[in-house]
Amino acid sequence: MSVALVAGEAAARAVPVVAGALGAGGVAVAALPSRVRMRAELRRRWRTWALAAPLFLGALWAGRAGAFALAAGLGVVGVAEYARMTRLERGERAVLGVAAVLLPAAAWLAPAGLDLRALAALLIVSALPALLTGDTEHGFTRACRTLFGVLWIPVSLTGLVLLDGTAVALGVAVAFGDVGAWCAGTALGRRGPLARSLSPLSPNKTWAGVLGTAAATALALAAVGALTLALWAAVLVGCVLGDLLESMVKREAGVKDAGTWLPGFGGLLDRVDSLLLALLLTMAVGL
């Protein structure tokens, strides 16, 4: 992958793109007639977007220090939601919380240390609470859930620090991809071959949505000057499978949303599930 963007430059490119999209979206949701069933929901989502976009772009515009603060903040909230859904014990919650801060800090201050040695340490530390308590009944499950949570959330979020300006492009593209999936699913996903569901984990996710995601993510990456085949593929797969991955966790946990505090979306993981996988895949193909 040949895209390597400076954070400030990428954020400067993204600002007019995001501002234009928010402006057009604001006009559209304001003009919705009262008979539209999702009018209130769409307006809540737009307000959340309008608040989150400046925070995201502003943090990454500040460079790696800002990216660390953003990654650590998202990580702490994200692992708390994950630990609550998966009913992890206190020791596992502590491991996740520490990883949510230390891994982005390492990406900022000592990125060379994030290698196979770090992966081995994560494996050992994730299993440590269950090992020390001698849990013969659920120890393996606890260790696996903890390691999965560390890899899914804190490790993925280190991409906000390590990828510099490319992380800006990813965030914008994922946001456009989510909107494109909803628009295409609503317009084309009611009947015909495009209405087929991708997985029972999320019956509302259809092939029409995948088509909309593909078009919207390509458009967004081109608009911020970051379109390459590898990056587009990472974003597309992240958008499609990220939602299914979180749905799998929620289905087993027996919950509809990861939280209730984020208007229009539920919890933080419900909003960043696609971004997490896109960041992880981009690091895999680009670093």
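Select helix 10 (residues 229–253) and helix 11 (residues 268–286), whose crossing is right-handed; a crossing has that hand if the near helix is turned clockwise from the far one by less than a right angle, and is left-handed if anticlockwise. The model is predicted: local features need pLDDT of at least 70 and side-chain atom pairs pLDDT 80 or more, while totals for chains, interfaces and linings use all residues. Residues are numbered from 1 along each chain as its sequence is written, and side-chain values use heavy atoms, with hydrogens and water left out. Helices are DSSP runs (H or I, at least four residues), numbered from the N terminus.

**Helix 10 with helix 11**

Keep this pair on display. The two helices pack at an angle of about 135 degrees, and their axes are 7 Å apart. Axes are lines fitted to C-alpha atoms over the stretch in contact, and angles run from 0 to 180 degrees between N-to-C directions. Helix 10 and helix 11 are therefore oblique to each other (under 35 degrees counts as roughly parallel, over 145 as roughly antiparallel, 65 to 115 as roughly perpendicular, and the rest as oblique).

Next, show the side chains at the contact (heavy atoms within 4.5 Å). Among them are Leu231, Val235, Cys239 and Lys250 in helix 10, and Leu269, Asp273, Leu277 and Leu281 in helix 11. The residues of this contact divide into 10 nonpolar, four polar and five charged. Ala, Val, Leu, Ile, Met, Phe, Trp, Tyr, Cys and Pro count as nonpolar, Asp, Glu, Lys and Arg as charged, and the others, Gly among them, as polar.

**Cys239**

Now centre the view on Cys239. Its relative accessibility is 2%, so Cys239 counts as buried (under 20% relative accessible area, with exposed over 50% and partly exposed in between, for a 1.4 Å probe and protein chains only). Cys239 is in no disulfide (a pair of cysteine sulfur atoms within 2.5 Å); the nearest cysteine sulfur, that of Cys183, is 13 Å away.

**Helix 8 with helix 10**

From helix 10, Leu231, Val235 and Cys239 make the contact; from helix 8, Thr166, Leu170, Ala173, Val174, Gly177 and Asp178 do.

**Helix 6 with helix 11**

Finally, select helix 6 (residues 139–157), which packs on helix 11 at about 70 degrees, with the axes 9 Å apart. Helix 6 is thus roughly perpendicular to helix 11. Residues that meet here include Trp152 and Ile153 in helix 6 and Leu276 and Met283 in helix 11.
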